[in-house]
Structure formats: structure tokens, C-alpha cells
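Keep the sequence and the 3D view open side by side, and turn the view as you read.

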Amino acid sequence: MEFKLIDGKYTWKDTQHLVGELIRIKINYLEAQISKEDSEEDIKIREQRIKMLQNELTLLNKKRQHTDLFSMHVSINIE
């Protein structure tokens, strides 16, 4: 099963906003998954993933683009 979430051309501002929102949703999901019942290893893995996504979000927000439009294609495949 495949879902096409984003498929089109977007300004840099819209691209930054859409990708930023997707990253924030994933971060929130990972934070909600951390519980006291998790092993230290599971918590550490989730925290590392959160840090990586936060770094990606920071890089995205710092980047400046002068191109008018960007093609963006985001799909989710469920197998």
C-alpha cells in the first residue's frame, strides 16, 4: 500500500514548512514512545534518533535557497 503525501512543486518557504512539520511530527512520536518500561538501550536509540532529526531540522532552517520552485515527492509504503 502506498500513500503519496506530497507530490508537486513548492517555494522554498513552503518546502521548509512542510518538511519541518514532518520532522516535528516524527520527533513528537519518538518522544511519546519513550517510557519507564523501555530498556536503556531502547531509550538511547530513540534519543539518538530525536537528536539526529533535531539536527536535520536546524540545518533545514539555516539553509537559504534562491531557486524559485522545488519538486518534492514524499510517499509512504506499507508492506
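Which residues does Thr 15 touch, leaving aside those up to four places away in sequence? They are Tyr 10, Phe 70 and Met 72. Thr 15 itself sits in helix H1. Its relative accessible area is 8%, and because buried means under 20%, Thr 15 is counted as buried. Keep in mind as you explore that this is a predicted model.

**The overall plan**

Now zoom out. The protein chain contains two helices and two strands, and along the sequence they come in the order β-α-α-β. Strand E1 covers residues 2-10, helix H1 covers residues 12-33, helix H2 covers 40-62, and strand E2 covers 70-77.

What are the spans of the C-alpha trace along its principal axes? They are about 50 × 35 × 15 Å. The radius of gyration of the protein chain is 15 Å, whereas a compact globule of 79 residues would have one near 12 Å. The accessible surface of the protein chain comes to about 6600 Å², and 51% of that is supplied by carbon and sulfur atoms. Buried residues account for 20% of the 79 residues.

The contacts tell you how the chain comes back to itself. Of those between residues at least 6 apart in sequence, 77% join residues at least 24 apart.

**The nonpolar core**

In soluble globular proteins, nonpolar side chains tend to be buried together. Which residues make up the largest nonpolar core here? There are nine: Trp 12, Ile 23, Ile 27, Leu 30, Ile 50, Leu 53, Leu 57, Leu 60 and Phe 70. H1 and H2 each supply at least two residues of this core. You have already met one of the nine, Phe 70, as a residue that Thr 15 touches.

Met 1, Phe 3, Leu 5, Leu 22, Ile 76 and Ile 78 make a nonpolar surface patch of about 580 Å². One of these, Ile 78, belongs to the segment after strand E2. With 48% relative accessibility, Ile 78 is classed as partly exposed.

**Salt bridges**

Side chains of opposite charge can pair when their charged atoms come close. How many salt bridges are counted in this model? The count is two, and both are listed here.

| Salt bridge | Separation of closest N and O atoms |
|---|---|
| Glu 21 with Arg 24 | 3.0 Å |
| Asp 38 with Arg 46 | 3.0 Å |

Glu 21 and Arg 24 both lie in helix H1, and because they are three residues apart there, about one helical turn separates them. Glu 21 has a relative accessible area of 34%, so Glu 21 is partly exposed. Arg 24 is also partly exposed, at 32% relative accessibility. In the other pair, Arg 46 has a relative accessible area of 23% and is again partly exposed.

**Two more stops on the tour**

Find Glu 2 in strand E1. Is Glu 2 buried or partly exposed? With 48% relative accessibility, Glu 2 counts as partly exposed. Setting aside residues up to four places away in sequence, Glu 2 touches Ser 75, Ile 76 and Asn 77. Of these, Ile 76 is also part of the nonpolar surface patch. The C-alpha atom of Glu 2 is separated by 34 Å from that of Glu 40, which lies 38 residues away along the chain.

For the last stop, look at Thr 67 in the loop between H2 and E2. Thr 67 is partly exposed, with 45% relative accessibility. Thr 67 and Thr 11 are 56 residues apart along the chain, yet their C-alpha atoms are separated by 8.1 Å.

Note on methods:
Residues are numbered from 1 along each chain as its sequence is written. This is a predicted model: local features need pLDDT of at least 70, side-chain atom pairs count only at pLDDT 80 or more; totals for chains, interfaces and linings use all residues. Side-chain values use heavy atoms; hydrogens and water are left out. Patches are made of residues with over 30% relative accessible area and no salt bridge: like charges are joined within 9 Å, nonpolar side chains (Val, Leu, Ile, Met, Phe, Trp, Tyr) within 5 Å. Accessible areas come from the Shrake-Rupley method with a 1.4 Å probe; for residues, only the protein chains shown count as cover. A salt bridge is a side-chain nitrogen of Lys or Arg within 4 Å of a carboxyl oxygen of Asp or Glu. Helices (H or I, at least four residues) and strands (E, at least two) are DSSP runs, numbered from the N terminus. Buried means under 20% relative accessible area, exposed over 50%, partly exposed in between (1.4 Å probe, protein chains only). The radius of gyration is taken over C-alpha atoms; the globule rule is 2.2 Å times the number of residues to the power 0.38. Contact means heavy atoms within 4.5 Å. A nonpolar core is a set of buried Ala, Val, Leu, Ile, Met, Phe, Trp, Tyr and Cys residues joined through side-chain atoms within 4.5 Å.
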